[in-house]
Amino acid sequence: MAAEIRTFPCLSDNFGYLIHDGATGATASIDAPEAGPIIQALEREGWKLTDILVTHHHGDHVGGVAELKRKYGCRVVAPHDKTAKIADVDLRAANGDVVKVGNLLARVLETPGHTLDHVSYVFDAEKALFAADTLFSIGCGRVFEGNHPMMWESLLKLRALPDDFRLYCGHEYTAANVKFALSVEPDNPALKARAEEVTRLRADNKPTIPSLLGEEKKANVFLRADDPAVAARLHMKGAAAADVFGELRERKNKS
Ligand code: ZN
Ligand code: FE
C-alpha cells in the first residue's frame, strides 16, 4: 500500500503535512505549526497521529507540538537543538539517521543555515522531500543562525536528490520567490513556465506545493549559484558559488 500525503494550510502561510502508512495506520505530521488544522485533517481522514517529525525550533514549526502530544500521545522526533529548547522530544534525529513511521522510512539530512539545528526528512521510497525552511519552491530560507557557505552546502545536499522527488516545503512563499527570481533571470524558460503555473494555481486558491525537484533545479536560482550564467547576471564572474549564493540571498532580503 502506497503512502498517502496530505497538504493543508496552517497559520498565515505555513504548510501542514501528514504522511500516512496505510499498511500499519501510522501517521506523521511534518512539523506542527498549530494543532487545530492538524487535528482537523486527521479527523477528516480518520487517522491517528503517531509521530511528529520536527525540522527546526522556530515557533511556527513547533507551536502545536505540546497540544498534539497531549492529545495523541505521539512520539516527537526532533533535531538536537543548539539554540532554544524544543519541548517534549522523544527521539533526537541526526544526519543519516533513519526514522520509521510505521513501515515508512524517513532519512534525516542535516541542512543547517536557516537555523543551526535544521534537518530535512527524505522519504526515499515515496520520493518525497520535506525541506521546511531550507529549500522553498523557487527560493530558500533566510539565513538566520548559520552563514552563507553553510546554507549553500545544505542546498547542495538537497540538490543531490533525484529529479523525480517532490519538494514539500515549509511555507507558501512561491509567488514572491518567483517575482524575485525573475528580477535575476528574466529569460530563464523553466522559471517563466513556473511563473505562469504559480499565477494559475494562486488564482484558483490552490497550493503551489509540491513541486518536482528536477524543475526546481532548473528554475530555482538559489540552487544554481554555481552556474556561471547566474554569476554573470550578478556581475560576479569567477566568484565562489557560496559568495554568489550570499549575494542572491542578500538581494532577496532587500527585495
Ligand atoms: Zn523557520
Ligand atoms: Fe518557518
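Which residues are linked with Arg6 in a network of salt bridges? The network joins Glu4, Arg6 and Glu45. A salt bridge here is a side-chain nitrogen of Lys or Arg within 4 Å of a carboxyl oxygen of Asp or Glu. By this rule the model holds 14 salt bridges.

The model is predicted: local features need pLDDT of at least 70, side-chain atom pairs count only at pLDDT 80 or more, and totals for chains, interfaces and linings use all residues. Side-chain values use heavy atoms, without hydrogens and water, and residues are numbered from 1 along each chain as its sequence is written.

Lys69 and Asp90 form a salt bridge at 2.9 Å, N to O. The pair links distant parts of the chain, 21 residues apart. Lys69 lies in helix α3 (residues 65–72), and Asp90 in the loop between β5 (75–79) and β6 (91–93). Helices (H or I, at least four residues) and strands (E, at least two) are DSSP runs, numbered from the N terminus. Asp90 is partly exposed, at 45% relative accessible area; buried means under 20%, exposed over 50%, and partly exposed in between (1.4 Å probe, protein chains only).

Asp124 and Arg107 meet at 2.7 Å, N to O. This pair also bridges distant parts of the chain, 17 residues apart. Asp124 sits in the loop between β9 (119–123) and β10 (128–132), Arg107 in strand β8 (residues 104–110). Both are partly exposed, Asp124 at 33% and Arg107 at 27%.

Glu247 and Arg251 pair at 2.8 Å, N to O. They are separated by about one helical turn because they lie four residues apart in helix α9 (residues 241–254). Glu247 is partly exposed at 28%, and Arg251 at 33%.

Notes:
Chains lettered and ligands numbered in written order.
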